[in-house]
Amino acid sequence: MQTLSNFPATRQAGLDLLSKFSPQAGPDYARGRNFDFGPNQPRFVSGLSPFVRRRLVTEQELITEVLKQHSADAAEKFIQEVFWRSYWKGWLELRPTVWQSYQTGLRGAWNAIQTQDGLERNWRTACMGNTGIDCFDAWAKELSSTGYLHNHARMWFASIWIFTLRLPWELGADFFLRHLLDGDPASNTLGWRWVAGLQTVGKTYLARPDNIKKYTNGRFTPTGLATKAVPLTGPENPPCGTLAPANPIDTALATGLLIHDEDLDLTHINIKRLPFQATAILSSHSTITPLKAADHVVQFAQGALCDTLGRLPAANSAPHTVKDVYDLIAWAQTHGLKQIITCYAPVGPIADQLTQARKLLAEQGILLVTVMAPYDRMTWPHATRGFFRFKDNITHFIAQISQRK
Ligand SMILES: Cc1cc2nc3c(=O)[nH]c(=O)nc-3n(C[C@H](O)[C@H](O)[C@H](O)COP(=O)(O)OP(=O)(O)OC[C@H]3O[C@@H](n4cnc5c(N)ncnc54)[C@H](O)[C@@H]3O)c2cc1C
């Protein structure tokens with residue numbers, strides 16, 4: 001089982017887990033991946049998501065390692081799941097207002113909690129795992145204590161939250177983001193929207209007792225679940241935009257490095273070639289939720305940043321911890337910076353802060369340059385329609401990844 005202590009937030013721990021898992025990424029994964037035998041039990045899925053989410057280990061590394069052990073056909077299911085992540089990231093990147101609508105909805109639901117005792121009680125009961133629905137309560141507690149839930153359990157949990165408990169979906173998505181070690185603005189928001197019938201309009205996910213019984217190996221046979229999942233209604237999906245163009249780097253300017261935990265793979269920034277005069281770090285955990293992220297989420301994010309710094313040249317290893325946008329500007333001014341370079345932050349809390357910072361920095365004559373990973377520039381523009389169109393490109397993506405090695 002993944003307990004919190006099994007998830008040291010280091011790249012090495014992620015690579016070790018990947019090499020341990022990769023022999024089972026072929027037929028074993030395809031056969032067993034939907035089963036959730038529960039905490040402390042053997043499992044067929046990798047548990048790699050906390051590492052991939054912050055890019056301590058990259059999507060390319062997952063695919064490359066797995067293809068050393070299996071043919072692309074044998075590992076098809078696993079590879080597809082990795083590309084589901086890329087698809088969700090790209091989909092949201094091309095439609096950033098969906099993240100803003102989620103935040104507006106969450107603020108509305110949170111205001112309703114302050115004024116409606118019944119809603120407040122039901123929300124708290126669900127978060128504490130005291131609803132009396134045994135599987136749901138077990139998953140709420142598992143999530144709070146381990147920082148992880150199996151994909152199938154996430155689907156069942158979200159479905160029961162929305163259609164049986166009739167709680168606002170945004171509060172459920174926020175409960176996940178506060179507790180998941182892999183809590184991700186794209187996979188989480190769009191996963192919840194998909195269950196609710198907002199993502200693929202009109203298509204919902206209904207948690208069925210027989211399906212839960214089968215895939216939990218008989219651990220649970222819940223009663224009293226909703227028997228219908230009527231889609232929630234919301235605004236139409238916005239039209240698909242385009243990716244931001246690449247920003248040029250001016251190597252003549254006094255430059256600082258900003259590291260954030262939306263992308264800790266600094267290989268595309270080429271740290272060694274650029275003389276940075278100062279380094280700063282920024283974490284997403286304090287702004288990903290209006291409430292407070294669980295301690296284990298904060299520790300994982302901080303540990304991941306610390307591990308990344310430990311792998312940098314010594315000159316970059318004593319960073320300033322950025323508190324907010326104004327603090328970032330003050331740091332840049334203190335060091336006389338004219339340019340800040342950082343990894344591109346996909347739609348989410350860090351991107352929101354960087355958008356605000358870019359304008360304020362420009363007023364001070366300081367450039368903010370964001371460098372997008374080539375993998376993202378390759379995959380995201382294809383997330384224009386459904387996943388089934390996107391996955392037609394997987395063979396091409398794999399060929400590109402192999403060439404870049
Ligand atoms: C309601 C809901 C909320 C979710 N919230 C998140 C989230 O906040 N962060 C997150 O990373 N995933 C989220 N997922 C997707 C999925 O549940 C997790 O990525 C997966 O359970 C991670 O476990 P694993 O590493 O053992 O997966 P494996 O099955 O071993 O898959 C390997 C990798 O592929 C990616 N992946 C697998 N399944 C999916 C999927 N369905 N969607 C997107 N990527 C996938 C992950 O990066 C994962 O590490 C959510 C799914 C649902 C239904």
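Leaving aside neighbours within four places in sequence, which residues is His70 in contact with? In this predicted model, they are Ser22, Pro23, Gln24, Ala25, Gly26, Pro27 and Ala75, contact meaning heavy atoms within 4.5 Å. His70 sits in the loop between α4 and α5 (76–93); helices are DSSP runs of H or I of at least four residues, numbered from the N terminus. With a relative accessible area of 13%, His70 is buried, a term used for values under 20% with a 1.4 Å probe and protein chains only. From His70 to Pro290 there are 220 residues in sequence and 43 Å in space, C-alpha to C-alpha.

Residues are numbered from 1 along each chain as its sequence is written, and side-chain values use heavy atoms, without hydrogens and water. Local features need pLDDT of at least 70 and side-chain atom pairs count only at pLDDT 80 or more, whereas totals for chains, interfaces and linings use all residues.

The protein chain is divided into domain 1 (4–93 + 380–404), domain 2 (100–215) and domain 3 (255–371), with bounds from an automatic or database domain assignment. Domain 2 and domain 3 each give 15 residues to their contact, and their centres, taken over C-alpha atoms, are 31 Å apart.

Two or more lining residues come from each of α1 (11–21), α4 (59–69) and α18 (394–404), and α4 gives the largest share, five residues. Domain 1 and domain 3 both contribute to the lining, so the second largest pocket lies between them.

The largest nonpolar core has 111 residues, of which Phe83, Trp139, Phe157, Trp161, Trp192, Ile259 and Ile269 touch the most other members. Such a core is a set of buried Ala, Val, Leu, Ile, Met, Phe, Trp, Tyr and Cys residues joined through side-chain atoms within 4.5 Å. Helix α9 (residues 151–164) supplies the largest share of this core, nine residues. A second, separate core of 21 residues includes Leu282, Ile329, Leu354 and Leu360.

Note on methods
Buried < 20%, exposed > 50% of the residue type's maximum accessible area, 1.4 Å probe, protein only.
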